[in-house]
Amino acid sequence: MELHHEFTVPVPVDDAWRALLDIERIAPCLPGATVEEYDGKTVTGSVKVRLGPITVTYKGTAVFEEQDEAAHRMVLAASGRETRGQGTARATVTGTLEERDGTTAVSVRTDLTVTGRPAQFGRGVMAEVGDRLVGQFADCLAARLAEPAAEAAPEAGAGAVTEAGAGAVTEAGAETSAEPAEKPAAGTRAQPPAYTPAEPIDLLRTAGGPVAKRVAVAGGAAAAVVLLVVAVRRLRRR
């Protein structure tokens with residue numbers, strides 16, 4: 001199925017481009033996703049989806065097949081498999097960025113193939129779920145892009161306190177250390193922070209009415225079948 005979503009980022013297009021490629025920074029904004037490793041091109045991780053009492057985990061990779069900075073266009077190919085089942089998920093995601101009056105409009109086209117339990121909901125429900133998840137991601141991303149300005153002052157203050165307090169003596173009489181934190185050796189890539197597992201995407205709650213209605217219909221059909229079987233058995237006993 002093909003899905004199309006759009007959202008706006010409240011920063012110029014160059015800033016938005018850099019932010020969207022900073023996986024370590026935006027990882028907490030990805031609903032249901034946990035990033036385990038990123039080498040600058042390939043992302044390894046997992047995505048959890050909750051279907052009522054059942055939680056489905058897809059584990060796999062996503063590879064940047066294209067990063068055209070001049071055109072502000074990126075293509076990401078992702079694939080994953082259920083850790084406890086036969087279901088699979090594959091997606092080719094194409095994102096384009098366009099500056100509009102100091103903000104950035106992001107267009108995302110997704111060619112998605114899903115097998116297993118989530119596939120039962122079809123394109124309509126998946127599109128609605130996608131709209132809501134993209135909205136959550138956009139809100140989180142906007143908040144994170146606003147963080148540097150908000151944290152600049154505290155960071156400067158912290159630096160001043162550190163310099164002023166270098167070599168100070170604590171109440172216990174021990175001299176505090178003023179040595180700077182050890183920096184990674186030249187030419188090595190800094191290790192990304194450890195990521196905590198994300199909360200699963202609650203498909204029923206996220207989609208709301210459409211999914212709940214479909215589940216109710218399926219539940220009603222199942223109940224009808226059970227009642228029919230019981231009735232037939234009783235008739236045979238007579």
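Predicted model: local features only at pLDDT ≥ 70, side-chain atom pairs only at ≥ 80, totals over all residues.

Colleague: How many helices and strands does the protein hold, and what pattern do they follow along the sequence?

Modeller: Helices (H or I, at least four residues) and strands (E, at least two) are DSSP runs, numbered from the N terminus. The protein has six helices and eight strands. Read along the sequence, their pattern is β-α-α-β-β-β-β-β-β-α-α-β-α-α.

Colleague: What share of the contacts with a separation of 6 or more joins residues 24 or more positions apart?

Modeller: A contact means heavy atoms within 4.5 Å. Among contacts in the protein with a separation of 6 or more, the share joining residues 24 or more positions apart is 57%.

Colleague: What percentage of the residues is buried?

Modeller: Buried means under 20% relative accessible area, exposed over 50%, and partly exposed in between, with a 1.4 Å probe and protein chains only. The protein has 238 residues, and the buried percentage is 30%.

Colleague: What is the volume of the largest cavity?

Modeller: On a 1 Å grid over the protein atoms alone, a cavity is a set of points where a 1.4 Å probe fits but cannot get out, and its lining residues have an atom within 4 Å of a point. Grid points are joined across faces, edges and corners, and a volume is the space filled by probe spheres set on the points. The structure holds one cavity of 30 Å³ or more. The volume of the largest cavity is about 1600 Å³.

Colleague: Which residues of its lining are closest to the centre of the largest cavity, and how does the lining divide by residue type?

Modeller: The lining of the largest cavity comprises 48 residues, of which L30, V47, A78, A91 and V93 are the closest to the centre. Ala, Val, Leu, Ile, Met, Phe, Trp, Tyr, Cys and Pro count as nonpolar, Asp, Glu, Lys and Arg as charged, and the others, Gly among them, as polar. On that basis the lining divides into 34 nonpolar, twelve polar and two charged residues.

Colleague: Is R73, which forms a salt bridge with E66, buried or partly exposed?

Modeller: The closest N and O atoms of R73 and E66 are 2.6 Å apart. E66 has 28% relative accessibility and is therefore partly exposed. At 30% relative accessibility, R73 also counts as partly exposed.

Colleague: With which residue does the side chain of S107 make a polar contact?

Modeller: S107 lies in strand 7 (residues 103-114), and it is buried because its relative accessibility is 17%. A polar contact is a pair of N or O atoms within 3.5 Å; within protein, one must be able to donate a hydrogen and the other to accept it, and residues adjacent in sequence count only if both atoms are side-chain atoms. At 2.9 Å, the side chain of S107 joins that of H4.

Colleague: Which residues does G95 touch, beyond those up to four places away in sequence?

Modeller: G95 belongs to strand 6 (residues 88-100) and is buried, with a relative accessible area of 8%. Leaving out residues up to four places away in sequence, G95 touches H72, R73, M74 and S107.

Colleague: What is the phi of H72?

Modeller: Most residues other than glycine have a negative phi. H72, in the loop between strand 4 and strand 5, is not a glycine, yet its phi is positive, at about 55 degrees.

How values were computed
Residues numbered from 1 in each chain as written. Heavy atoms only, no water. 1 Å grid on protein atoms, 1.4 Å probe; cavity = no way out; pocket = protein on both sides within 12 Å on 5 of 7 lines; lining within 4 Å. Salt bridge = Lys/Arg side-chain N within 4 Å of Asp/Glu carboxyl O.
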